[in-house]
Amino acid sequence: MILAGEMRAGKPGLPWLVFLHGFSGDHREWQRVGAQLPDYPQLYLDLPGHGGSQDIAVTGFSDVSQLLSNTLLSYNILNYWLVGYSLGGRVAMFHACQQPQGLAGLIVEGGHPGLRDASEREARSRSDQRWAQRFRDEPLPSVFLEWYQQPVFASLTDAQRDELVALRSQNNGATLAAMLEATSLAVQPDLRAALSASNIPFHYVYGERDEKFAALAAELHAERHVIPNAGHNAHRDNPAAVAASLAQILRLRTKDIL
């Protein structure tokens, strides 16, 4: 089994950019950024429970990581960077910690490396269970209206919030709920030590108004990149700046190829 995705060709010899979206997004989420990096071959994936992969069920991060490996193999992608936002960033970090062959680098935007405290895990488990039940039982527009009132999305304007609610409400509530439970922060391992021990280049991107994830980024052994005029969803708030940041990272890392 493989994940659904959309591929864009690029110049031979350059590493692939494999884009992973956030919770309730789909393969289109990163395309405004990717369009500004046309030299690189690109693969935009739908995570389990989302988009063209909504019928794929998983039990945890190991399942998602294996699906990702299967999918990359099916495309014969042997040299790639993972670029992930939020949930996609957490999947990317977990996958990187498995030391997969062919992974040239890791770029994470607003992804949590994992909870350290048992009480935090318990609280997160209760919260995610409540949200999952709501996704199963209630109309998605009303659920997402409250979802985007959470503190991490405080920088959204009313217009941005309304746009996201309309977009995310096109999802399947039951499959979103299943993926939320399978990849809850409550069950994600703390990846800090494994990421620190890895030799894979690790870059962390966050919006200047995203105080929570700015603080988390400071805990990681990663090169940090602050995106101006952006909150938690930096690639949506300021896609040009995120694309410029990615271009700079890739230019430095692939200078011998270009």
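Is Asn 171 buried or exposed? Asn 171 is buried, at a relative accessible area of 17%, where buried means under 20% relative accessible area, exposed over 50% and partly exposed in between (1.4 Å probe, protein chains only).

## Basis of the model

This is a predicted model, in which local features need pLDDT of at least 70 and side-chain atom pairs count only at pLDDT 80 or more, while totals for chains, interfaces and linings use all residues. Residues are numbered from 1 along each chain as its sequence is written, and side-chain values use heavy atoms, with hydrogens and water left out.

## The chain as a whole

The chain holds 11 helices and seven strands; helices (H or I, at least four residues) and strands (E, at least two) are DSSP runs, numbered from the N terminus. The chain has a radius of gyration of 17 Å, close to the 18 Å that the globule rule gives for 258 residues, so it is as compact as a globular protein of that length. That radius is taken over C-alpha atoms, and the rule is 2.2 Å times the number of residues to the power 0.38. The C-alpha trace spans about 50 × 40 × 35 Å along its principal axes.

Of the 258 residues, 54% are buried. Of the contacts (heavy atoms within 4.5 Å) between residues at least 6 apart in sequence, 70% join residues at least 24 apart.

Helix H7 covers residues 173–182, and seven of its 10 residues are buried, so it is largely enclosed by the rest of the structure. Among the buried ones are Leu 176, Met 179 and Leu 180. At the start of H7, a side-chain oxygen of Asn 172 comes within 2.9 Å of the backbone nitrogen of Ala 174.

Asn 171 sits in the loop between helix H6 (158–168) and H7. The side chain of Asn 171 reaches the backbone oxygen of Arg 168 at 2.8 Å. Apart from neighbours within four places in sequence, Asn 171 is in contact with Ser 24, Gly 25, His 50, Leu 140 and Leu 176. Leu 176 is also one of the buried residues of H7.

## Gly 84 in strand E4

Gly 84 belongs to strand E4 (residues 80–85) and is buried, with 0% relative accessibility. The C-alpha atoms of Gly 84 and His 21 are 6.1 Å apart, although 63 residues separate the two along the chain. Leaving out residues up to four places away in sequence, Gly 84 touches Leu 20, Trp 30, Gly 89, Ile 107, Val 108 and Glu 109.

## Two loop residues with positive phi

Most residues other than glycine have a negative phi. Gln 99 is not a glycine, yet its phi is positive, near 55°. Gln 99 lies in the loop between H3 and strand E5 (103–109), and is exposed at a relative accessible area of 64%.

Asn 229 also has a positive phi, of about 55°, without being a glycine. Asn 229 is placed in the loop between strand E7 (223–227) and helix H10 (234–237). With 51% relative accessibility, Asn 229 counts as exposed.

Definitions and conventions. Polar contact = N/O pair within 3.5 Å; in protein donor to acceptor, adjacent residues only side chain to side chain.
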